[in-house]
Amino acid sequence: MDLGLEGKTALITASSRGIGRAIATEFATEGCEVIICSRNKENLLKTATQIEDKTQQKVIALQVDLSSQESIQKFLEEIGDRGKTIDILVNNAGGPPYKRHYELTDKDWQESFDLTFLSQVKISEAMIPLMKNKRWGRIIFVTSVAVKQPGMLIANSQRASLAAYAKTLSNELGEYNILVNTICPAFAVTDQYYLIADEVARRSGTSRDKVIEEWLKSVPLKRPASTTEIANAAVFLASEKASYITGNCIQVDGGFVKSLF
Ligand SMILES: NC(=O)c1ccc[n+]([C@@H]2O[C@H](COP(=O)([O-])OP(=O)(O)OC[C@H]3O[C@@H](n4cnc5c(N)ncnc54)[C@H](OP(=O)(O)O)[C@@H]3O)[C@@H](O)[C@H]2O)c1
C-alpha cells in the first residue's frame, strides 16, 4: 500500500528508545527523513545509526531536554538553522511519575506539566506556521489510555488536558489541511513499562512478573503491544490513507479501555 509518505520530513520527539524510537524507525521505513531527539547523546546517536542502517534513510539526531523551555528553544533553533520544515510532528515525551494523590508535590505537578504538556504545545506551536504555509501537516500526540480511564492520577489529569488541546487544535487547523490526532497506548514493552511494573511491585510487595500478569488479565488480547504496533498507528494517521481523520483520540490498547467510546 502506498502511504504517500516518501520524501516527507518527520520530527519525533523523545525517540532514542521505546515507542518514539519505533515510530521513527517506521517513518524512515516509509521513506521519510526523520529527526529524532532525547537527552542522552550516546543512546540517541546509537539509535540514529541503527535506523539509518536498517532503512538507508537519513536520520538527524538532536539533543534536547523536553522538560526545559530553554533547551526546547535551542532545539527549535537548531532545526530552523538546518533549514528543515517539518511535515509530520509526533509529540512524544517521557511519562509522569506513578504516585498517589497524597504523595504528589507541587514540584511533581510542575515537572510533569512541563514535560508531558507544555513541551508538546511549544513544539506544535513552532511547527504550525510552516505546515500552514504548505497547507499540509500532521500532528500526532502520543499520550496514554489515562486520557480515558482512571489509574494514574497525574497522568489522568494532564493527559486529558493534552487530549483536549489536541481536539481544539484540530478544529482550528482543519482548514489548512493539518490533521491532529492522539494515540493512546495502554501497555507496550519498553523501559517505562518495566519501570512502572517495578514500582507497583515494590509498593505491593510482589514481583514484576506478577504485576504484569495482573495487568494483562485486563487486556482482552492478553498481551502487551510491541512498540511497532503503536508505531503502525502513527504511520497510518500521518499517511494519505488517513486524510479524513482528525480530532480523534485513538486507543492502541488491545481492548484495555472499558468504555464504549
Ligand atoms: N510503554 C507503555 O506501556 C506506555 C503506556 C502508556 C503510555 N505510554 C507513554 O508513551 C510515551 C513513551 O513511553 P515509552 O514507554 O516509549 O518510554 P521509554 O521507553 O522510557 O522512552 C522514553 C523516551 O523519552 C526520552 N525522554 C525522556 N525524558 C525526556 C526529556 N526530558 N527530554 C527528552 N527526551 C526525554 C528518553 O530518552 P532520554 O532518557 O535519553 O532522554 C526515551 O527516548 C510516554 O509518555 C509514556 O508515558 C507508554
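Two residues are in contact if their C-beta atoms, placed from the backbone, lie within 7 Å. Among such contacts in the protein chain between residues at least 6 apart in sequence, 73% join residues at least 24 apart. The model is a predicted one: local features need pLDDT of at least 70, side-chain atom pairs count only at pLDDT 80 or more, and totals for chains, interfaces and linings use all residues. Numbering starts from 1 along each chain as its sequence is written.

Start with the whole chain. Its secondary structure comes to 8 helices and 7 strands. Here helices (H or I, at least four residues) and strands (E, at least two) are DSSP runs, numbered from the N terminus. The radius of gyration is 18 Å, close to the 18 Å that the globule rule gives for 261 residues, so the protein chain is as compact as a globular protein of that length. That radius is taken over C-alpha atoms, and the globule rule is 2.2 Å times the number of residues to the power 0.38. Along the principal axes, the C-alpha atoms fill a box of roughly 50 × 40 × 35 Å. Of the 261 residues, 43% count as buried. A residue is buried if 20 or more other C-beta atoms lie within 10 Å of its own, exposed if 12 or fewer, and partly exposed in between; the C-beta atoms are placed from the backbone.

Next come the domains. Domain 1 covers 9-188 + 226-243, and domain 2 covers 189-224. These bounds come from an automatic or database domain assignment. The centres of the two domains, taken over C-alpha atoms, are separated by 24 Å. At their contact, 10 residues of domain 1 meet 10 residues of domain 2. The domain 1 side of this contact has 5 nonpolar, 4 polar and 1 charged residues. In this count Ala, Val, Leu, Ile, Met, Phe, Trp, Tyr, Cys and Pro are nonpolar, Asp, Glu, Lys and Arg are charged, and the others, Gly among them, are polar.

Now follow the strands. Two strands pair if DSSP finds at least two bridges between them. Strand β1 (residues 9-12) pairs with β4 in the parallel sense over 3 bridges. The bridge partner of Leu11 in β4 is Leu89. Strand β4 and β5 run parallel and are joined by 4 bridges. Here Leu89 stands opposite Ile139 in β5. From β4 the chain crosses through helix α4 (residues 106-134) to β5, and this β-α-β crossover is right-handed. Right-handed means that, with the strands pointing away from the viewer, the path from the first strand over the helix to the second runs clockwise.

Strand β5 (residues 137-142) then pairs with β6 in the parallel sense over 6 bridges. Ile139 stands opposite Val180 in β6, and Arg138 opposite Leu179. β5, helix α5 (residues 153-173) and β6 make another β-α-β unit, which is right-handed. β6 also pairs with strand β7 (residues 249-252), in the parallel sense over 4 bridges. Pro185 stands opposite Val252 in β7.

How are these strands covered? In a regular strand the side chains alternate between the two faces of the sheet. In strand β4 (residues 88-91), Ile88 and Val90 point one way and Leu89 and Asn91 the other way, and all are buried. In β5, 6 of the 6 residues are buried. Gly137, Ile139 and Phe141 lie on one side of β5, and Arg138, Ile140 and Val142 on the other. In strand β6 (residues 178-185), 8 of the 8 residues are buried. Ile178, Val180, Thr182 and Cys184 point one way from β6, while Leu179, Asn181, Ile183 and Pro185 point the other way.

Finish on a helix residue. Leu169 has its place in helix α5. Leu169 is buried, because 20 other C-beta atoms lie within 10 Å. Asn92 is 77 residues away along the chain, and 17 Å separate the C-alpha atoms of Leu169 and Asn92.
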